[in-house]
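Subject: Structure handover and notes

Hello,

Here is the structure for your files. Please read the notes below it alongside the coordinates.

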Amino acid sequence: MNKINVLFCCMGNICRSPMAEGALRDRVRKAGLTDEIFIDSAGTHAHYVALPPDPLAQRVMLERGIDISDLRSRRVSLSDFQRFDHILVMDDTNYDALRFICPRSHVHKIRYLLDYAPQFKTRQVPDPIGGEEVVFRRVREMVERGAEGVFAYLEALLRRS
């Protein structure tokens, strides 16, 4: 099987999606699957291109031993729809933005991150930008649980191949 490519998407790619990227990368690294699974993140808007994650996003991820300071924001490109097997969004706004620009043949790749964490009973990961640290911690919990579900799904795919 070829490498599985996963892309996380939020609005600006400085909070939610880099946190999710860091959470899944950590799980993949600990499982020794970095040769089988590639993870990236991007934003649907170009407000913060080439910037590191929000300092609070970095701080709350470091509390879990996950350093996301080396990540840099970027905007989703049309080539991402071809390159990535799984495109996971944080909320309806991101879903709608991607569906609008996505070639029809790749629409099936777009899903909500929280589809993999049904315990939250929502598909919406709130945007913590401008919020207090407690908000970032709540978002961290959501993306960590989502990343756990995604990892379990990907691990099962790899076992079947």
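This is a predicted model: local features need pLDDT of at least 70, side-chain atom pairs count only at pLDDT 80 or more; totals for chains, interfaces and linings use all residues.

Residues are numbered from 1 along each chain as its sequence is written, and side-chain values use heavy atoms, with hydrogens and water left out.

Helix α1

Helices (H or I, at least four residues) and strands (E, at least two) are DSSP runs, numbered from the N terminus. The 15 residues of α1 should span 21 Å at 1.5 Å a residue, and the end C-alpha atoms are 21 Å apart, so the two agree. The expected span here is 1.5 Å times one less than the number of residues in the helix.

Because 11 of its 15 residues are buried, α1 is largely enclosed by the rest of the structure. Buried means under 20% relative accessible area, exposed means over 50%, and partly exposed is in between (1.4 Å probe, protein chains only). The buried residues of α1 are R16, S17, P18, M19, A20, E21, G22, A23, L24, D26 and V28. They pack against β1 (4–10), β2 (37–43), α2, α4 (92–101) and α5. After α1 comes G32, with a positive phi near 70 degrees.

S17, which lies in α1, has a relative accessible area of 0% and is therefore buried. Its side chain makes a polar contact of 2.8 Å with that of N13. A polar contact is a pair of N or O atoms within 3.5 Å; within protein, one must be able to donate a hydrogen and the other to accept it, and residues adjacent in sequence count only if both atoms are side-chain atoms. Setting aside neighbours within four places in sequence, S17 is in contact (heavy atoms within 4.5 Å) with F8, C9, C10, S41, A42 and M90.

Helix α2

In α2 (residues 55–62), the buried residues are L56, A57, Q58, V60 and M61. These pack against α1 (16–30) and α5 (133–160). The N-terminal end of α2 is capped by D54, with a side-chain oxygen 2.8 Å from the backbone nitrogen of L56.

Cavity

A cavity is a set of points on a 1 Å grid over the protein atoms alone where a 1.4 Å probe fits but cannot get out; lining residues have an atom within 4 Å of a point. Grid points are joined across faces, edges and corners, and a volume is the space filled by probe spheres set on the points. The count is one cavity of 30 Å³ or more, and the volume of the largest cavity is about 30 Å³. V6, H86, L88, Y116, V150, Y153 and L154 line the largest cavity. β3 (86–89) and α5 each supply at least two residues of this lining, and α5 gives the most, with three.

Loop residues

The loop between β2 and α2 holds A50, whose phi is positive, near 75 degrees, in a residue other than glycine. H47 lies in the loop between β2 and α2 and is exposed, with a relative accessible area of 56%.

K121 is in the loop between β4 (110–112) and α5. K121 is not a glycine, yet has a positive phi of about 55 degrees. Its relative accessibility is 75%, so K121 counts as exposed.

Regards

Conventions. On a 1 Å grid over the protein atoms alone, a cavity is a set of points where a 1.4 Å probe fits but cannot get out, and a pocket is an open set with protein on both sides within 12 Å along at least five of seven lines; lining residues have an atom within 4 Å of a point.
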